[in-house]
Amino acid sequence: MISHTAVPLSVGAMLDDLRTLVELESPSGDPTALAGSAEAVAGILENRLGGRAVLVEGEAGPHVHWSGGGEPRVLILGHHDTVFPLGTLERRPFAVEEGRVTGPGVFDMLGGLVQAIHGLAALEDLTGVEILVTCDEENGSHTSRDLIEERARACGAALVFEGAAEGGGLKTGRKGCGTFEVLITGQASHAGLEPEAGVNALIEAAHQVLRIDAMSRPEAGTTVTPTIASAGTQSNVVPAEATVVVDVRVESGDEKDRVEAAFAALAPHVEGAVIEVRGGVSRPPMPESAAVDLFAMASRLLPGIEAVAVGGGSDGNFTAALEVPTLDGLGAVGGGAHADHEYLLVESMVERAILVTGLVAAIRTA
């Protein structure tokens, strides 16, 4: 059990901690950089909340776990990896100007992580609170999913500190999402001397793109979008290989099953071509039903706050799919996730931190 002296919320202290994390740079997929970021997250947790943060080593880098002791009641869930490569900071340094914080990762989601920690620091007793900060959310949470699900089941409620919806709304529903890769193998030949001897993988890819596009059902909230294609080696060679990458978003488990079955059923159109499909819907849909009780608590604490269902996925998809009450979008108010104009609004930092304080207190007394 961890008790400490509750501290008043300070925007200056939050900005100091945010600067520390942003200036380290923590691109997803870079275990060395993420090791440094994890150490910094652990240091901030221990400095602000007391106790000891544990680094959970993994292939992608370290996850950070902290517990206030006692019976687990609520999981604070976030990630310390970002989408920005090393060197982004030099071009786009951390800055606070005219009420906005800018820099790589301030909105997604280092700002939310800092607000959560400072909101918890306003509680004198942290019994039942667990914090899990993963290192691979931006790459699909492949090494952290089991740990996320384990701790969510143990705690029974999950608060996710991804950036807020537009206007500061909380995210109460998310589509399931995933990536498919369609690999096509044909046969190379000289495009001028004997094109008929080849099996054109690019022509096969063109047929498959049309079939894949037809899988979309916008009326059901399902989008199936070919996003990347590659084929060929030289202008005078019949392409022997082609690849099509597809982004998929679904609102229901039934649609997930339908789309995955449709990809599995893809068959060649060009004689001699071979098709292989990889991937799937890796994040299940986050139904709005999972957020009902927690959003009601948030509404009492911050009247007028909106509930928003969004297309993007997060680790909240995993916890909600387990029927663990889950509320997302509790992080920074701002915008520009994954873009050069990413920003966080300073004026909202204290209010969002206070919301954390109130939600955790309400969950533990429910």
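Glu-23 is partly exposed, with a relative accessible area of 38% (partly exposed lies between buried, under 20%, and exposed, over 50%, with a 1.4 Å probe and protein chains only). This is a predicted model, in which local features need pLDDT of at least 70 and side-chain atom pairs pLDDT 80 or more, while totals for chains, interfaces and linings use all residues. Residues are numbered from 1 along each chain as its sequence is written, and side-chain values use heavy atoms, without hydrogens or water.

**Glu-23**
- Glu-23 sits in helix α1 (helices are DSSP runs of H or I, at least four residues, and strands are runs of E, at least two, numbered from the N terminus).
- Leaving aside residues up to four places away in sequence, Glu-23 touches Leu-89 and Phe-94 (contact means heavy atoms within 4.5 Å).

**Glu-25**
- Glu-25 lies in the loop between α1 (11-24) and α2 (31-49).
- The side chain of Glu-25 reaches the backbone nitrogen of Gly-87 at 3.2 Å, and a polar atom of that side chain is 2.9 Å from the backbone nitrogen of Leu-89.
- Beyond four places in sequence, the residues that Glu-25 touches include Ala-33, Pro-85 and Thr-88.

**Helix α6**
- The 13 residues of α6 (residues 201-213) should span 18 Å at 1.5 Å a residue, and the end C-alpha atoms are 18 Å apart, which agrees (the expected span is 1.5 Å times one less than the number of residues).
- Ala-201, Glu-204, Ala-205, Gln-208 and Ile-212 are buried in α6.
- Seen down the axis of α6, the buried residues fall within an arc of 100°, so they line one face of the helix (the arc is that of the directions from the helix axis to the C-beta atoms).

Key:
Polar contact = N/O pair within 3.5 Å; in protein donor to acceptor, adjacent residues only side chain to side chain.
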